[in-house]
Amino acid sequence: MQQHRHARRGAELVFESVRVLIEPKAELPFEVNRSRKKLNLKIDAVLDHRAFSLRNPEYGAVFRVQAEIVRSFAEFLRAEGFLEVHTSKIVAAGTEGGTSLFKLQYFEQDAFLAQSPQFYKQMLVGAGYERVFEVGFVYRAEDHATSRHINEYLSLDFEMGFIQSYQDVTRLENRMLARMMENLRQNCAEEIETLGATLPDVGEIPEVTLTEALEILARDYGRDTAGMADLDPEGERQLCDYAVKSRGSEFIFVSHYPRSGRPFYTMPDPENPELTLGFDLLFRGLEVTTGSQRIHDYDMLVDSIRRFGMNPDNFGFYLEIFGYSMPPHGGLAIGAERLTQQILGLQNVREASFFPRDRFRITP
């Protein structure tokens, strides 16, 4: 090895001989050492040859960054007193009213793939752990075919008890994201440079209510927001543009969504019970987090289940711990692939999944 100031790592290898270990048997699908821009491949071509494409330094760098995102998430929460847990992905009922579920045959009965570890996170808070987090796959049987959706994704979840408000959750996420970006700067500088990405500065993340967000879209972007009960993709992009220009932040929290559009366990706003103490975090034009304060009162939770047209008897396993009393609690879920996509400026969330599962792909 010789030192060389022009070499990428400061040195060059000098080969005296080369020995072939094994010869390839197939023609290469594309030139793996060229840059992604020069390759100009459609994403299906990349994914059809996924293991081979990961030999490309740029495609491979994505997952070194993602690994640091996941590591930072866990490291930060452990330092905050959270316990890492692992919950079942085979469940008897859906966490969001039984929609968008993958059904499977579990011996003599029907079961489903978990949409979220939500029930288990809450139950474990009530079991005395108080603060828990999980990194695990979740499954959504949603008939999407967009650049922002996949049907199996890695969810970064946490739940915390004895909170005063949902803002205890958002403030914790704010600090976590700041630490995460510091870690990426320190530990993934080469990968960030390889991918031509720019890491955001995470200061104090601003917050607006959904009502305020819709007023901003109408006032500053000429949108007709009459009847809108949520933000559409264009609205998410416009609100992030507003956050950069007016608040100096690439992140923005949106809170107080209508109760009808949030899961039944979301705490209603005591000042307006038709709204919730739920929030989303938008980053560079895309929702990357959903969270809320949860209902901890047993009777209120049972009433909410009925309000959503469901039978509380089907949720006995979940409701049991609430009957023994539960502390005020809340939490959130972050889509690891979406967060990776937005940090690195990827065009499609599938680029941030090793082996993505979407509406049409179950291989490789």
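**Notes on helix packing, cavity and pocket**

1. Let me start with H8 and H9: Ala-213, Ile-216, Leu-217, Arg-219, Asp-220 and Tyr-221 of H8 meet Gly-235, Gln-238, Leu-239, Asp-241 and Tyr-242 of H9, where contact means heavy atoms within 4.5 Å. Helices here are DSSP runs (H or I, at least four residues) numbered from the N terminus. By class, this contact has six nonpolar, two polar and three charged residues. Ala, Val, Leu, Ile, Met, Phe, Trp, Tyr, Cys and Pro count as nonpolar, Asp, Glu, Lys and Arg as charged, and the others, Gly among them, as polar.

2. A word on the basis. This is a predicted model, in which local features need pLDDT of at least 70 and side-chain atom pairs count only at pLDDT 80 or more, while totals for chains, interfaces and linings use all residues. Residues are numbered from 1 along each chain as its sequence is written, and side-chain values use heavy atoms, leaving out hydrogens and water.

3. Back to the geometry of that first pair. The axes of H8 (residues 210-221) and H9 (residues 233-247) come within 10 Å and cross at roughly 80°; axes are lines fitted to C-alpha atoms, for helices over the stretch in contact, with angles from 0 to 180 degrees between N-to-C directions. H8 and H9 are therefore roughly perpendicular to each other (65 to 115 degrees; under 35 counts as roughly parallel, over 145 as roughly antiparallel, and the rest as oblique).

4. H11 (residues 316-323) is worth a look, starting with H5 as its partner. The axes of H5 (residues 118-129) and H11 come within 9 Å and cross at roughly 25°, which makes H5 roughly parallel to H11. On the H5 side the contact uses Phe-119, Gln-122, Met-123, Gly-126 and Ala-127, and on the H11 side Phe-317, Tyr-318, Ile-321 and Phe-322. These residues divide into seven nonpolar, two polar and no charged.

5. H10 (residues 298-307) also packs on H11: their axes come within 9 Å and cross at roughly 155°, so H10 is roughly antiparallel to H11. Tyr-298, Leu-301, Val-302 and Ile-305 in H10 meet Tyr-318, Leu-319, Phe-322 and Gly-323 in H11. That contact has seven nonpolar, one polar and no charged residues.

6. One cavity of 30 Å³ or more turns up in a search of the whole structure, and the largest cavity has a volume of about 60 Å³. On a 1 Å grid over the protein atoms alone, a cavity is a set of points where a 1.4 Å probe fits but cannot get out, and a pocket is an open set with protein on both sides within 12 Å along at least five of seven lines; lining residues have an atom within 4 Å of a point. Grid points are joined across faces, edges and corners, and a volume is the space filled by probe spheres set on the points. Among the residues lining the cavity are Val-91, Ser-116, Phe-119 and Phe-317. H5 gives the most to this lining, with three residues.

7. The second largest pocket holds about 340 Å³ of space. Of its 19 lining residues, Arg-36, Tyr-59, Leu-346, Gln-347 and Glu-351 lie nearest its centre. H2 supplies the largest share, three residues. The lining has eight nonpolar, five polar and six charged residues.

8. Two backbone details to finish. The peptide bond from Thr-363 to Pro-364 is cis, with omega near -5°. Asn-40, in the loop between H1 and H2, has a positive phi near 50°.

Methods. Helix = DSSP H or I, 4+ residues; strand = E, 2+ residues; numbered from the N terminus.
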